[in-house]
Amino acid sequence: KYSTPEGRELPPVAWLLWAAVFGLMVIGALAIFSATNGNTDTTVSQLTWYAVGLTAAAVLCFWNYQRLAQWALVGYWMMILVLLAVLVPGIGAMRYGARRWLDFGLFQVQPSEFAKLALIFALAYFLSRPTQELRSPKAFFKGLGLTLLPFLLILREPDLGSALVMIPIGLVMMFVGKIPIRYLARLVGWTGLVITVMVVNVLFAPPAWRIELEDYQRRRLMVYFGVDYAPPDATPEEKRQARIQQRNDSYNVRQALISVGSGGIFGKGWRQGTQNSLGYLPRDVAHNDFIFSVIAEEKGFVGSVTVLALYSIVLLCGVHIAYQARDRLGRLLAVGVVTLWFSQIFINIGMNIRLMPVTGLPLPLLSYGGSSVISALIAIGILQNIYWYRRT
């Protein structure tokens with residue numbers, strides 16, 4: 001406990017959680033400076049987003065999370081309207097073949113990052129009702145509907161990575177919220193079956209029978225599963241062109257793997273990574289999707305383990321805060337935040353070492369980006385809020 005000079009007790013702070021968060025921000029700023037070949041503008045922008053995110057997290061702690069949750073459904077439906085607006089030409093900004101951003105001139109906002117937080121609050125508010133009310137199929141389908149609506153809108157942008165994160169958030173929160181396991185087990189089973197059928201269809205079905213996907217999404221799946229681009233009846237020239245296209249599409253993943261593997265135990269040193277400094281790891285993705293590869297090359301196995309250890313501290317602190325929460329609402333909010341962070345960490349690092357297909361999902365606090373950084377720090381602010389009010 002800490003007190004002011006006048007003897008008033010100060011609210012408790014989750015010091016270990018914040019120490020890990022600040023450690024990640026320091027590593028992120030240094031890694032982005034290196035990944036952008038010493039671009040100070042990019043690094044200053046990241047530091048600015050850190051400051052904005054920390055301010056938002058601090059402001060969030062002034063209101064009890066129970067009071068904030070009373071506006072959960074209002075915030076959720078407002079976010080649905082924003083996700084719909086992003087899909088409208090002239091409102092949503094188009095970049096890299098996707099319409100995911102709102103352009104405000106000086107900066108752009110990616111609503112899907114904040115939609116994850118809106119989903120967590122909406123599900124926590126809905127699932128915090130008495131357990132008896134959650135045993136009916138109606139409650140299960142309502143929770144499923146809350147999850148699927150933003151999932152489908154974000155998938156339409158398209159943003160497969162952010163959309164996929166919605167699924168584990170919904171499933172884990174419904175499980176912790178005491179939705180009957182038989183409903184969730186059937187959902188997981190059917191979801192697994194649908195995903196398997198979709199992957200088989202996309203990879204092996206004739207063009208006339210294929211499920212419609214963006215061309216780059218289909219090629220990413222083919223690269224991940226090692227499926228040859230050229231059909232069996234292709235001409236020699238078509239096969240040659242297909243091999244060239246496949247090498248180009250798998251280039252980023254190959255270079256990321258080389259970066260991770262070449263770091264050794266202690267790495268090559270800050271700003272000494274040849275994959276990054278010589279441009280083999282493309283500059284337009286090194287500080288975003290593949291920032292972990294930059295860290296692994298420069299700091300080696302020790303640096304990679306340090307990053308994983310800091311993330312583990314954040315996740316374990318989140319679990320501990322969920323355990324200490326004074327009510328089901330706080331527990332559900334904390335579980336949602338932990339699931340969000342874990343999913344993004346697993347998917348991003350997984351695609352850096354080819355355990356997962358490339359989806360463009362940022363690594364919390366390490367990848368460059370305003371919306372992702374602010375969203376991640378607001379999520380930490382939610383955990384601090386729950387810890388702050390756990391006894392009052």
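Modeller: In this predicted model, the structure holds eleven aromatic pairs, and one of them is formed by Tyr-224 and Phe-225.

Colleague: What makes the pair of Tyr-224 and Phe-225 edge-to-face?

Modeller: The ring centres of Tyr-224 and Phe-225 are 4.9 Å apart, and rings pair if their centres lie within 6.5 Å; the planes stand at 80 degrees to each other, and angles over 60 count as edge-to-face, so the pair takes that name.

Colleague: Why are Tyr-224 and Phe-225 called partly exposed?

Modeller: Tyr-224 has 27% relative accessibility and Phe-225 has 43%; because buried means under 20% and exposed over 50%, Tyr-224 counts as partly exposed, and Phe-225 counts as partly exposed too.

Colleague: How do you know that the charged end of Arg-390 sits over the ring of Tyr-387?

Modeller: The charged end of Arg-390 is 4.0 Å from the centre of the Tyr-387 ring, where the distance limit is within 6 Å and the direction must also fall within 35 degrees of the ring normal; Arg-390 is accordingly listed as sitting over Tyr-387, as is Arg-95 over the ring of Trp-101, at 4.7 Å from its centre.

Colleague: What links Trp-49, Phe-104 and Phe-107 into a cluster?

Modeller: Ring pairs link Trp-49 with Phe-104 and Phe-107 in that cluster.

How values were computed. Residues numbered from 1 in each chain as written. Predicted model: local features only at pLDDT ≥ 70, side-chain atom pairs only at ≥ 80, totals over all residues. Heavy atoms only, no water. Phe/Tyr/Trp six-rings, centres within 6.5 Å; stacked < 30°, edge-to-face > 60°. Buried < 20%, exposed > 50% of the residue type's maximum accessible area, 1.4 Å probe, protein only.
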